[in-house]
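Me: Got a chain up on screen and want to talk it through. Can you start with how far to trust it?

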Amino acid sequence: MRPTVVPFAFVAWVLVMLQPCAARAAACCLEAAVHTAAPFDEGRAEAVEVAAPPAAAAPAPTPLDLSSEDVADRPSYTDVFSVLKQENECSRFFGGPRLAVTVFNQFTRQLRPRRLGSGAIALAMTGEYTNYQDMTTGASYRLFEEASLNSEGPFRSKKEAARMRVGSFPAESRQGRALMLLHELGHLIRGKDGRWLLPNDGGDAALSESNTKEVESRCRTELLALDN
Ligand SMILES: [Zn+2]
């Protein structure tokens with residue numbers, strides 16, 4: 001079932017960068033307070049027509065075809081998919097397996113390696129965003145114009161990752177990478193209360209860390225199972 005495109009786009013500007021360190025690397029966290037997201041006022045958004053996204057959702061929790069899809073980081077994609085495809089506390093937090101996988105697949109198709117500089121920036125979502133509605137679940141989600149995986153940051157650079165943590169996991173671990181992706185997913189899905197699952201945490205390292213902890217608290221069991 002294809003998601004229904006909500007026929008308007010917000011003109012707000014948002015920049016989100018994942019700040020992947022936690023308590024163990026306090027200095028890093030302070031230096032890396034770059035999780036910037038400009039506040040946006042949805043009430044003043046202008047309604048404009050947008051085309052359906054090229055990456056329409058596949059029915060049910062179906063993985064991307066890794067033999068033909070250009071996926072930035074296949075191992076972490078596979079890990080997160082394995083978490084989200086099943087009914088568990090983690091997938092329920094993201095609206096259930098179908099919605100979670102639909103949005104994660106869309107996000108993954110957008111995600112491209114880019115050089116964003118060394119440091120704590122692992123991922124970034126930039127530009128305007130467009131709202132979509134999933135026909136089956138009725139839930140809404142958004143996609144930004146651009147999603148970047150920093151090829152010089154902790155997701156790809158062992159040197160950077162070795163000194164950082166994501167929640168309680170080392171940034172270079174499977175759990176750490178999966179948690180980074182799940183954190184970003186939380187910024188894309190709207191909850192039943194009408195708010196994004198994770199509030200924008202731009203420029204607020206403490207809130208960013210709090211968001212990471214929120215996701216970890218929901219997904220810890222499934223993340224720990226990745227090593228099994
Ligand atoms: Zn965030």
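Me: What's the mean pLDDT of the chain?

Reply: The mean is 77. Of the residues, 72% reach 70 or more.

Me: Where does pLDDT stay under 50?

Reply: Over residues 1–52. The model still has 134 contacts beyond four places in sequence for that stretch. Where pLDDT is low, the predicted coordinates should not be read in detail.

Me: OK, layout. How many helices and strands?

Reply: The chain has 7 helices and 7 strands. Along the sequence the pattern runs β-β-α-α-α-α-β-β-β-α-β-β-α-α.

Me: And how much of the chain is buried?

Reply: Buried residues account for 46% of the 228 residues. On contacts: take those between residues at least 6 apart in sequence, and 73% join residues at least 24 apart.

Me: Let's go to α6. What span should its 13 residues have?

Reply: Helix α6 covers residues 174–186, and at 1.5 Å a residue it should span 18 Å. Its end C-alpha atoms are 18 Å apart, so the two agree.

Me: How many α6 residues are buried?

Reply: 12 of 13, so α6 is mostly covered. The buried ones include R177, H183 and E184, along with L179, M180, L181 and L182.

Me: What covers them?

Reply: The cover includes helices α2 (74–84), α4 (97–110) and α7 (205–224). Strands β4 (123–133), β6 (165–166) and β7 (169–170) are also part of it.

Me: Buried or exposed?

Reply: L197 is buried, because 20 other C-beta atoms lie within 10 Å and the cut-off for buried is 20 or more.

Me: What is L197 in contact with?

Reply: Leaving aside neighbours within four places in sequence, L197 contacts F93, F94, G186, I189 and G191. F93 belongs to helix α3 (residues 89–93), where confidence is highest. G186 is one of the buried residues of α6.

Me: And how far apart are L197 and L185?

Reply: They are 12 residues apart in sequence. In space they are 8.7 Å apart, C-alpha to C-alpha. L185 is buried as well.

Key
Residues numbered from 1 in each chain as written. Predicted model: local features only at pLDDT ≥ 70, side-chain atom pairs only at ≥ 80, totals over all residues. pLDDT = per-residue confidence, 0-100. Helix = DSSP H or I, 4+ residues; strand = E, 2+ residues; numbered from the N terminus. Contact = placed C-beta atoms within 7 Å. Expected span 1.5 Å × (residues − 1).
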